[in-house]
Amino acid sequence: MVAANGWFLAIVLFVAQDGFSVAFSDENFLENITISCGVEGRKCRDDNYKTPLYILGFFPLQSPMLLLAKVSKISAELALEHINNDDTILKDFELRMIVKNSKDDEGYAVNSLFAIKTYYEPNILMVIGPLRNELSESLGRVINYWKIPMISYGSHSPLLTNEIRYSKFYRTIPSSLGMNIPRVRMMQAWGWTYVASVSSNGQVFNMMSQDLAAGLSAHNITLLIKDSFDNDPLPAIELLKEKDARIIVGNFYEFDAVKVFCEAFKLGFYGPEIVWILYGHFEQNWWEPLDLEQLGCSGEDMLAAIEGHFAVQLEVLGDDQVEAVGGITPQEYSNYIKNVTGVDLELSPKPAPYAYDAVIAAALAINASYETLGKSGLENFSNLTGDEASELNRNLDDTQFDGVSGRVTFDVVGDRQGTFKITRFVKGKYIDIARYTDKDEYMQWHKNKSEIWGTEPPPDRQSTEVHEDKVSLHLFIVMSCISFVGVLTATAFLVFNIYYRNERLIKMSSPNLNNLIIIGCIMCYVTIILLGIESRRADGVVICQIRTWIFTVSFTLSFGAMFSKTWRVYSIFTNKNMQKRVIKDHRLFVMVGVLLLIDVVLLLAWEVFARPTIVNTTIKEYRHTENPNLVIKITQNRCVGLHEEYFTGIILVYKGLLLIFGTFITWQTRNVSIPALNDSRFIGLCIYNVVIFSSLGVPLSILLAENSDNTYGIIGGLIIFCTTLTLCLLFLPKVASIVQGYAPEDVGSRVMSNMNGRSSRGYSQGPPSRIDEKPTCTNSVTLEPPSEVTRTTDTRSQEL
């Protein structure tokens with residue numbers, strides 16, 4: 001085998017005062033190894049006195065982790081001392097540990113294990129260690145081939161929780177995944193349902209983040225952000241601030257924690273409303289590294305940034321009142337380590353207690369296996385096969401004892417069911433607030449909510465009060481009442497127009513078209529009521545559609561009828577051929593119908609291609625002056641549709657062209673002097689009012705759109721004013737004439753006009769004094785009842 005592996009092996013055995021050392025020499029990887037039977041100064045007993053049993057301990061004695069390695073090695077040797085002094089455990093044996101420097105190197109550690117197992121004569125019953133996760137992952141896969149259990153005292157990687165790949169792997173340090181359970185319990189206790197997570201990229205913390213996400217989902221807690229970083233945490237902190245994260249779980253070591261909180265301070269992302277829950281297995285005063293100033297932060301900055309954070313860390317020391325196996329209490333153990341190494345485990349948690357308990361666990365499992373395998377079975381363990389080879393594993397699975405790190409038990413995959421300590425950083429120091437026991441799934445609170453927070457925990461997100469901006473009920477009632485009065489007024493005009501339709505004064509003004517004008521005005525009033533209802537309801541899409549149709553059609557009915565009447569007068573008085581021309585009402589109705597058809601086509605296209613919906617829009621958002629965590633959000637329900645602006649623009653252009661046409665013919669007929677026939681002056685006033693008030697009202701309603709009352713008041717008021725003014729201008733003079741009475745000659749049987757530069761005269765004050773007198777008239781018009789207007793070249797007019 002030596003030749004096959006190309007090894008040159010030399011074994012040197014020498015006896016030392018504190019035991020003996022065996023050195024393997026190989027220029028590639030083998031270096032000195034030491035056999036330890038207890039604390040420094042203790043000699044191993046003669047083999048004839050007690051049979052030696054060997055375990056292998058890996059410690060990184062030449063690495064940046066030297067302090068951890070030394071304390072852990074001393075702790076393991078203390079456990080050997082206690083075991084070998086205890087007559088109830090392995091009383092016929094002496095437990096010895098082969099101490100091997102792993103150099104914190106995976107390849108070196110694997111080769112060392114292979115060399116010791118192959119060339120070292122004593123059987124290795126168990127392996128203690130190593131410290132770092134990566135070494136345990138490498139050794140854990142190799143150890144399966146020799147069926148030797150391995151108990152790590154410092155590897156907490158979740159990757160090692162794999163029963164198939166690491167079937168012989170155990171650990172007295174809890175898995176880092178165990179920290180997520182008390183984190184979730186804290187969130188539940190304080191009512192947090194929205195949290196964020198940020199971690200440094202690495203196998204351990206990535207797996208912790210994934211496990212946390214699953215745990216949060218199982219407990220109906222929303223994970224707003226799950227981010228990670230390599231060297232620069234700034235983008236992650238900026239994202240947290242952008243998303244307004246309040247409760248943040250941080251998975252990173254202390255050297256990254258310094259960067260995180262320094263960047264958070266620079267961004268102003270700290271304060272009582274920001275709560276961090278950290279992986280808290282940090283060194284003492286971790287926030288004051290030597291290179292802090294290079295990051296651009298001071299110690300005061302860091303203290304401000306980390307104030308109030310929580311840390312979930314391993315509980316490395318058990319209950320002081322419980323004596324551990326070996327006859328020592330956790331407090332006595334801690335004092336011993338402090339006296340020998342200067343390390344205060346209460347202030348600076350180290351994995352040393354887990355190394356002590358790892359050796360105790362190994363001894364107890366070997367002791368239990370002795371009853372089954374016997375002395376020869378233990379001495380020749382490497383030659384065992386089948387169930388006998390798994391005896392140590394079975395006994396480790398069943399091992400339970402009180403260690404210096406607390407109660408030690410293993411779950412089905414060999415993970416330690418440990419205890420986690422929850423602390424909070426307040427005014428420069430950590431304060432214990434709770435303990436979580438993994439085995440019992442029990443959270444023991446040392447401080448109540450008021451002691452931790454003073455009043456109440458900060459909210460997990462900013463509280464939002466949504467105030468819906470809608471038309472106030474009082475304004476709606478007032479506008480509806482005014483609109484109702486307008487409807488009654490218009491209805492009165494309609495009844496008047498129908499009742500007196502055969503009266504010459506009314507008949508000459510085209511009563512049928514007047515009816516259309518009044519109906520259009522009534523629809524305008526109804527639009528005001530619908531607009532208020534739409535603003536006050538969140539499901540007002542149907543009302544929105546009806547309102548759009550009614551208002552569009554009402555404008556066409558009112559102004560279309562007005563302009564068609566005026567067009568008839570214009571058409572008659574601009575007839576240059578002097579031919580008789582009859583324009584009946586049905587032609588004018590056709591004109592209005594064409595305009596309505598255009599409306600219908602546009603509105604149907606709008607419905608088909610851009611069907612409107614009610615959209616709740618945030619128009620304003622601000623923080624409450626007395627409660628910074630309270631955000632007031634003002635929303636409005638708006639009726640909008642896809643490409644709405646195009647259809648609105650088309651309809652406005654179309655209505656604008658209609659107004660321009662009406663303005664033109666109104667101006668052209670301004671000199672026709674029969675009031676009953678021509679309403680040009682009043683129609684011109686109506687157009688003037690609509691254009692002027694729309695020019696003022698539309699921009700104002702847009703500028704004040706964030707206030708529904710202002711918008712409704714302006715738009716509704718303008719519609720009511722313009723509609724009422726239109727009705728009054730067109731119908732009040734007729735009502736006054738009917739009520740006060742009028743002479744038939746006031747209606748006029750002839751028209752005197754001055755159009756296109758031509759002057760004409762006609763009788764306006766009754767028939768001539770003498771019937772044989774024939775007045776000269778260059779442009780005479782005969783008015784024929786009831787709905788025809790003719791223009792003829794007769795020099796005499798016919799009396800109606």
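Let's start with Trp190, which is buried, with a relative accessible area of 9%; buried here means under 20% relative accessible area, with a 1.4 Å probe and protein chains only. The model is predicted, so local features need pLDDT of at least 70 and side-chain atom pairs count only at pLDDT 80 or more, while totals for chains, interfaces and linings use all residues. Residues are numbered from 1 along each chain as its sequence is written, and side-chain values use heavy atoms, leaving out hydrogens and water.

Now for the rings. Rings of Phe, Tyr and Trp (its six-membered ring) pair if their centres lie within 6.5 Å; planes under 30 degrees apart count as stacked, over 60 as edge-to-face and the rest as tilted. The count by this rule is 31 aromatic pairs. One of them joins Trp190 and Phe310, a tilted pair with 5.1 Å centre to centre and 40 degrees between the planes. Trp190 sits in the loop between helix H5 (180-189) and strand E9 (194-200), and Phe310 in strand E13 (residues 310-314), so this pair ties together parts that are 120 residues apart in sequence. Helices (H or I, at least four residues) and strands (E, at least two) are DSSP runs, numbered from the N terminus. Phe310 is buried too, with a relative accessible area of 0%.

Trp190 also pairs with Trp453, this time edge-to-face, at 5.2 Å centre to centre and 85 degrees between the planes. Trp453 belongs to helix H14 (residues 449-453), and this pair links parts of the chain 263 residues apart. Trp453 is buried, with a relative accessible area of 13%.

How values were computed
Buried means under 20% relative accessible area, exposed over 50%, partly exposed in between (1.4 Å probe, protein chains only).
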